[in-house]
Amino acid sequence: MLPLVALVGRPNVGKSTLFNALTRTRDALVHDQPGVTRDRHYGVCRPEGQRHFAVVDTGGIAGEDEGLVGATTRQARAAATEADLVLFIVDGREGASAMDDEILAWLRKSARPTVLVVNKTDGIDTGAALNEFARYGFRDVVATSSAHRQGIDDLIDEVVARL
Ligand code: GDP
Ligand code: MG
C-alpha cells in the first residue's frame, strides 16, 4: 500500500489547489467559496524516480461539532489520524489566524508527523510570511505557491524524505 499524506488546513488556504498540483489532476474542487471540499478526496502523487504516495484532500478541520461543518471536521480529523504524514497548510498572505491556532492545537494532540506548508507565497515577501508562523515551532517548513506550481518539487522532496 502507498503511504498516505493528508492535506489539512482551514478553508481557502489552497488545499485543493495543492492536491491538484501534487496529483497533477484537476479533480479536487477548487473554489473561492470557503469550505467547498466536503468529502475526503484521494489521489496519487507520482514523482519521477521517487517514492509514490497517496494524498487525501480534506475540508476544514476546526470549528463546530454539529451539522455539515461538524461532519467535515470529523472527516478531516479521521483522515489526518490515519495518515502517515500531515501537511498543515496555511495562508502566507493572511498570516496566522485563530482557526490555524485551533488546528495546530489539534495536530499537536494527534501527534502525527507534520510538515508546515506556507502557501500563496507568490508575489509576497516569503521570508516575512515564514516568520509569521515561526512561533508554531515547526522544524520542517516549505513555502509554496500551489497556484503557480512554485515550491512543489521541494515539498515533494520533503514529503518523500519523511515517509
Ligand atoms: P481550500 O479551501 O483550502 O481547498 O482552497 P482552494 O484550493 O479551493 O483555494 C482557495 C482559493 O485560493 C482559490 O481562489 C485558489 O485559486 C486560491 N489559491 C490557492 N493556492 C494559491 C496560491 O498559491 N497563490 C494564490 N495567489 N492563490 C491561491
Ligand atoms: Mg478545498
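User: What makes helix α1 (residues 15–23) largely enclosed by the rest of the structure?

Analyst: Let's count, bearing in mind that this is a predicted model. A residue is called buried if 20 or more other C-beta atoms lie within 10 Å of its own. Eight of the nine residues of α1 pass that test, so the helix is largely enclosed. The buried ones are K15, S16, T17, L18, F19, N20, A21 and L22.

User: And what covers the buried residues of α1?

Analyst: The cover includes strands β1, β2, β3, β4 and β5, along with helix α5 (152–162). After α1 comes R24, with a positive phi near 55 degrees.

User: How do you know which way β1 and β2 run relative to β3, parallel or antiparallel?

Analyst: Look at the bridges. Strand β1 (residues 4–8) is joined to β3 by four bridges, and these two run parallel. L4, for one, has A54 in β3 as its bridge partner. Strand β2 (residues 41–45) has five bridges to β3, and that pair is antiparallel. There, G43 is partnered with V55 in β3.

User: What makes you say that the buried residues of α3 are on the same side of the helix?

Analyst: The buried residues in question are D100, I103, L104 and L107. They span an arc of only 105 degrees around the axis, which means they sit on the same side of α3. On the other side, A98, A105 and K109 are exposed. Among the elements covering the buried residues are β1, β4 (85–91) and β5 (114–119).

User: Why is A111 called exposed?

Analyst: A111 has 8 inside 10 Å, so it counts as exposed. You'll find A111 in the loop between α3 and β5. Its phi is near 60 degrees, a positive value in a residue other than glycine.

User: And K120, why is that one called buried?

Analyst: The cut-off for buried is 20 or more. K120 has 23 C-beta neighbours inside 10 Å, so it counts as buried. K120 sits in the loop between β5 and α4 (126–132). Its phi is positive too, near 65 degrees, and K120 is not a glycine.

Note on methods
Residues numbered from 1 in each chain as written. Chains lettered and ligands numbered in written order. Predicted model: local features only at pLDDT ≥ 70, side-chain atom pairs only at ≥ 80, totals over all residues. Pairing = 2+ DSSP bridges. Buried ≥ 20, exposed ≤ 12 C-beta atoms within 10 Å, placed from the backbone. Arc of directions from axis to C-beta. Contact = placed C-beta atoms within 7 Å.
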